[in-house]
Amino acid sequence: MPAPQCVARFPGVEQIREAEYVLQHGISPGVATITMRPQANFPAVGGSLTFLRDGAKVLELKDCRVASGSGTASAGGRLVRLTILDRRWKWAFGQISGRYNLRLENNTLRKDTEKKPQELAKLLLEAMGEQGYSVADLPNDTRPEVNWDYTVPAQALAELCEELGCRIVLKTDNTVKLCKIGEGRDELPQDKITQASGTIDPPEKPKALIVVGGRTRFQVDLLLRAMAIDDDEDRTVVPLGVENYTPADGWGGADLLEFSDLDDDRARELAKASVFRMYQIDIPAAGVTIPGYDRNPIQRLDRLLPIESVQCATQGSDADEQSQPAIVYGVWYAGDYDAENGVDAETPAADGRQVVTRGYRLDTERGLVIFEEPIYQLSADGVQSAAALRLRVAVSVRDLDTWQWARSEFRRDLNGGSETKPRYVRREEIQVAVVPTYDDQYGVTEWTDTREECQAEANKVLDALEAEYRTTNPQTITYGTLRDDLEMDGAIQELRWFVSTTGAAMTVSRNKESSVKRLGYAQRRMMERQAKRESAERLKSRRQKKLAEHP
Amino acid sequence: MARPDSPFTRQTWFPFRNDAGAEVPAFAVMGISGAIARGASRVATCVFPDDLSARPPHYYAVNGPVVVPNGGYGQASLLNTMPWWALYATGDGTPAVGEEWGPRDTYTLRKHNPGFLVVGSAESGRVLVVQVPIMHLRGKTDSSLGKGDSGTISIYYGAAASKSDAGYNVTAYNPYGDIDATKWVKVTRVDGQWEVDATECG
């Protein structure tokens with residue numbers, strides 16, 4: 001039986017002496033090389049590169065582009081070598097804009113921005129101009145936050161896939177499939193093999209994987225103390241009573257409307273802005289216990305700054321779940337008809353008339369509550385004094401030694417891992433929140449946290465990470481002809497077609513890339529990222545120039 | 001953040017200086033004696049009602065919930081838009097809704113005196129009231145008052161059959177016929193002055 005006749009064709013090329021094409025994972029265009037006799041008027045444009053066996057198409061690469069051509073002279077005569085890029089050269093263009101899966105201040109998903117990974121991938125593939133693609137294998141449980149601002153869609157897709165343990169695969173039928181790394185065809189055809197090599201490639205496996213979550217959020221009821229703005233150059237905020245314009249009789253009977261007791265206009269303005277309006281988180285000498293934090297007490301306010309403006313506790317249904325806003329509660333005079341202060345003493349119930357219902361804003365950087373009107377308590381004999389208030393809010397804690405935020409870790413020991421330090425991977429969106437329950441004396445009786453839910457989230461990340469360390473059996477097989485029964489997937493990372501005047505071959509590499517002359521996937525991604533950075537720099541520079549020209 | 005306000009915050013307050021010569025209790029009724037400049041704004045001066053040089057004024061002021069020391073500054077309201085607390089003389093009984101009580105000799109409201117309409121229940125020596133302008137007074141001519149003349153009227157407050165001299169006078173114009181001395185008259189605020197509106201016959 002005669003050997004099959006395998007040839008390659010490219011528009012405008014009269015006689016191809018040798019052609020090779022290597023198809024790999026990723027967004028960088030695959031490169032084909034054609035060696036041909038010099039010919040006049042070669043259009044050197046683009047078109048479909050076709051590999052045929054006995055006249056039947058084995059592979060048709062559409063929309064290829066000639067990237068370069070060079071001439072060589074040898075004993076056999078002059079030859080021209082063309083470098084051709086597969087259609088992925090077009091993926092360097094286009095843009096997509098959008099922000100999805102944004103987080104609220106408490107790191108919960110903003111529902112109106114929610115998009116599943118597969119939906120994100122579809123958006124990107126559409127922006128790339130792809131049709132007939134498959135995103136079904138892309139893990140769809142997480143909600144990765146993306147911020148695309150005139151971003152190249154292919155770059156964004158590569159990052160999304162990488163984050164989810166997948167690869168972008170251009171298949172031989174010209175469609176795109178997102179495949180899980182390492183998942184795919186197990187058995188390769190065993191006929192017409194001319195060379196087969198198997199290697200052992202044990203991964204450099206660490207002892208453990210640790211997913212490091214976002215900074216842990218602790219809900220806490222913090223004492224507040226009244227402050228005032230001092231009449232100094234820096235307008236320092238000082239405890240009430242320390243300011244240098246305190247009336248001789250104190251603030252107990254003062255006119256809180258205009259502060260007419262004060263002679264000095266400037267002092268009067270400062271008092272109006274701050275007296276009984278400004279309260280700051282109070283850290284007593286013994287420190288504050290943050291429920292659920294393991295290195296209590298906290299003795300410096302700056303370890304908690306900036307605070308959030310919400311609680312860890314949420315409200316609303318699943319569809320529109322939102323963080324409850326921070327509340328201020330305690331003993332204060334509400335000005336109701338039926339009583340003086342709302343309550344005699346604050347309690348963790350923080351209910352009813354304890355809650356301060358007047359307008360205020362939180363200065364989260366300084367831990368200040370700044371009310372729109374004076375908030376004070378009133379004694380039975382008509383003397384006003386600072387309200388006894390607490391702020392229920394979510395905080396994170398800075399480590400005293402490293403000054404970094406306390407974070408939760410989710411560990412997975414790896415079987416057969418080397419005696420190494422663990423591999424740490426940060427995932428900001430996985431954030432443990434702790435909500436305490438207090439007794440009436442503000443002793444913490446228990447607390448609930450979201451560690452279990454976070455663990456489930458972390459497990460998905462750990463699964464993807466662990467997959468990287470799966471022991472594979474890298475395998476490369478070369479066949480003595482072109483085949484049409486091999487397809488790219490998550491395991492088959494490279495296909496090579498080769499035809500020449502003396503014969504044909506096809507090489508398949510499973511769980512490895514065999515081409516020594518080409519960059520590996522990781523190196524290609526590095527170059528792709530570099531290109532993205534340079535593109536962003538160029539854009540920034542253009543914008544700055546424009547701004548300078550048209551301020 | 002929701003901002004439900006309270007009767008206190010809905011009330012219109014103005015700053016005042018306590019010129020009463022003594023501490024002004026919370027919810028005390030005061031007379032406005034004048035105003036002074038204080039920085040860029042003006043501040044009312046308040047005294048106890050019996051210290052007013054001319055009474056009754058059209059409006060009294062009521063102190064807020066804070067005791068204001070002598071010479072100190074506080075917040076007061078006219079109570080002409082929203083009800084608020086004012087101290088009352090517990091010796092006069094318990095104010096009932098619909099009654100009119102008013103200042104007479106000190107900073108508490110007295111029964112059968114004009115100035116404040118009771119609109120709510122009383123508790124702890126204070127009662128919810130709104131201020132109503134004093135437009136009519138009952139009194140007696142100190143001396144005979146001819147038609148077209150102005151003369152002094154001694155004001156009498158109290159229950160209908162047992163009014164007594166409130167201790168202060170107003171000057172009233174008589175547009176009608178001659179009136180003998182010590183005759184009951186009703187005076188009404190007309191065009192910024194008191195005028196005799198009705199008189200005892202004979």
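Predicted model: local features only at pLDDT ≥ 70, side-chain atom pairs only at ≥ 80, totals over all residues.
Residues are numbered from 1 along each chain as its sequence is written, and chains are lettered from A and ligands numbered from 1 in the order in which they are written.

**Strand pairing in chain B**

- Strand 6 of chain B runs antiparallel to strand 10 (residues 126–131) of chain B, and four bridges join them. Strands are DSSP runs of E with at least two residues, helices are runs of H or I with at least four, and both are numbered from the N terminus; two strands pair if DSSP finds at least two bridges between them.
- B:Leu87 has B:Arg126 in strand 10 of chain B as its bridge partner.

**A loop residue that meets chain A**

- B:Ala40 sits in the loop between strand 2 (29–38) and strand 3 (41–47) of chain B, and its 84% relative accessibility counts as exposed.
- Leaving aside residues up to four places away in sequence, B:Ala40 touches A:Asp265 and A:Arg268, where contact means heavy atoms within 4.5 Å.

**An open sheet in chain A**

- Three strands of chain A form an open sheet in the order 24-12-25, with mixed pairing.
- Strand 24 (407–413) and strand 25 (423–427) of chain A are at the edges with a single partner strand each, so one side of each has no neighbour in the sheet.
- From one strand to the next, the twist averages 20°. Axes are lines fitted to C-alpha atoms, for helices over the stretch in contact, and angles run from 0 to 180 degrees between N-to-C directions.
- Six bridges pair strand 12 (residues 208–215) of chain A with strand 24 of chain A in the antiparallel sense; A:Ile210 has A:Arg411 as its bridge partner in strand 24.
- Helix 4 (residues 451–467) of chain A lies across strands 12, 24 and 25 of chain A, at about 50° to strand 24.

**An enclosed helix in chain A**

- Helix 2 (residues 153–163) of chain A is largely enclosed by the rest of the structure because eight of its eleven residues are buried, among them A:Gln155, A:Leu157 and A:Cys161.
- After helix 2 of chain A comes A:Gly165, with a positive phi near 70°.

How values were computed
Heavy atoms only, no water. Buried < 20%, exposed > 50% of the residue type's maximum accessible area, 1.4 Å probe, protein only.
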